[in-house]
Amino acid sequence: MIKLNASMTVSELLRRLALPAAGVVLLTIPGAFAQEARTPVGAELTSEEEIKQFCTNIADPARDQRYLLQKQELDKLRADVDSRIAEMQKRREEYQDWLKRRDDFLKQAEAGLTDIYKKMKPDAAASQLQEMRVEVAAAVVMRLNPTQSSLILNEMDPKKAAVIANIIASASDPNTSKDPT
């Protein structure tokens with residue numbers, strides 16, 4: 001009885017199945033026993049000669065059967081890989097769709113947020129923008145007209161206003177990285 005476990009490799013499995021497969025080949029291939037008829041009548045074969053003759057008779061069919069088993073295993077593995085690739089492609093498409101919807105929402109939200117801050121007083125807008133994530137605050141300030149932006153930055157804490165101004169400045173520089181910090 002052959003014991004199988006999850007960590008067994010394909011080559012280990014093939015090695016374990018080679019002997020039983022050879023036995024099956026012998027039982028299913030009538031040509032394996034055809035060599036016996038070639039032995040001259042009345043000639044006695046020694047046990048070593050019989051073994052040699054037997055091995056010679058089954059070598060090609062056994063090799064063919066081994067190749068067939070390997071090909072079948074490779075076909076199964078290829079089918080498994082193909083199904084996994086298809087699943088990954090499906091998930092990639094779902095992710096791209098989600099990312100597109102998210103980006104569209106953020107653009108709409110950013111545009112709507114900018115419109116809100118356009119209508120606010122500079123001191124109220126400054127206090128709220130100071131509490132936001134610096135990247136979002138910089139994006140809002142950058143989309144406002146220069147007069148409103150300067151009034152809002154003037155009302156902010158100088159350190160926070162400087163960080164926002166640096167982000168806005170680096171956004172227009174093509175040589176800076178995408179990391180705003």
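Let me start with Arg63, which is partly exposed at a relative accessible area of 33%, where buried means under 20% relative accessible area, exposed means over 50%, and partly exposed lies in between, with a 1.4 Å probe and protein chains only. Its partner is Asp60, also partly exposed, with a relative accessible area of 45%, and the two side chains meet in a salt bridge of 2.8 Å, N to O. By a salt bridge I mean a side-chain nitrogen of Lys or Arg within 4 Å of a carboxyl oxygen of Asp or Glu.

Before I go on, a word about where this comes from: we are looking at a predicted model, in which local features need a pLDDT of at least 70 and side-chain atom pairs count only at pLDDT 80 or more, while totals for chains, interfaces and linings use all residues. Residues are numbered from 1 along each chain as its sequence is written, and side-chain values use heavy atoms, with hydrogens and water left out.

Why are Arg63 and Asp60 about one helical turn apart? They are separated by about one turn because they sit three residues apart in helix H2, which covers residues 47–118. Helices here are DSSP runs of H or I with at least four residues, strands are runs of E with at least two, and both are numbered from the N terminus. As a general point, an α-helix has 3.6 residues a turn, so residues three or four places apart point the same way. Side chains of opposite charge can then pair when their charged atoms come close.

Towards the end of the helix, Lys118 forms a salt bridge with Asp115, and the closest N and O atoms are 4.0 Å apart; both residues lie in H2, three residues apart. Lys118 counts as partly exposed at 38% relative accessibility, and Asp115 counts as partly exposed at 39%. By the rule I gave, the count comes to nine salt bridges.

Let me step back to the whole chain, which has six helices and zero strands. Buried residues make up 17% of its 181 residues. The chain exposes about 14,100 Å², of which carbon and sulfur atoms supply 57%, the areas coming from the Shrake-Rupley method with a 1.4 Å probe, and for residues only the protein chains shown count as cover.

Now to the inside. The largest nonpolar core has 15 residues, and among those with the most contacts inside it are Tyr117, Leu129, Met156 and Ile164; a nonpolar core is a set of buried Ala, Val, Leu, Ile, Met, Phe, Trp, Tyr and Cys residues joined through side-chain atoms within 4.5 Å. Helices H3, H4 (134–143) and H6 (158–172) each supply at least two residues of this core, and H4 gives the most, with five.

Which residues of helix H3 (residues 122–131) are buried? They are Ala125, Ala126 and Leu129, and they cover an arc of only 100° around the axis, which puts them on the same side of H3; that arc is the one spanned by the directions from the helix axis to the C-beta atoms.

Leaving aside its neighbours within four places in sequence, Met156 is in contact with Ala126, Leu129, Gln130, Ala161 and Ile164, where contact means heavy atoms within 4.5 Å. Ala161, found in helix H6, is buried, with a relative accessible area of 11%, and it touches Leu153 and Met156, not counting residues up to four places away in sequence. Over in helix H5 we find Ser149, which is buried at 9% and, with the residues up to four places away again not counted, touches Val141 and Leu144.

Finally, a note on confidence: pLDDT, the predictor's confidence in each residue from 0 to 100, averages 79 over the chain, and 71% of the residues score at least 70. Confidence is lowest in helix H1 (residues 10–28), at a mean of 65, and highest in helix H5 (residues 146–155), at 93. Over residues 32–37 the pLDDT stays under 50.
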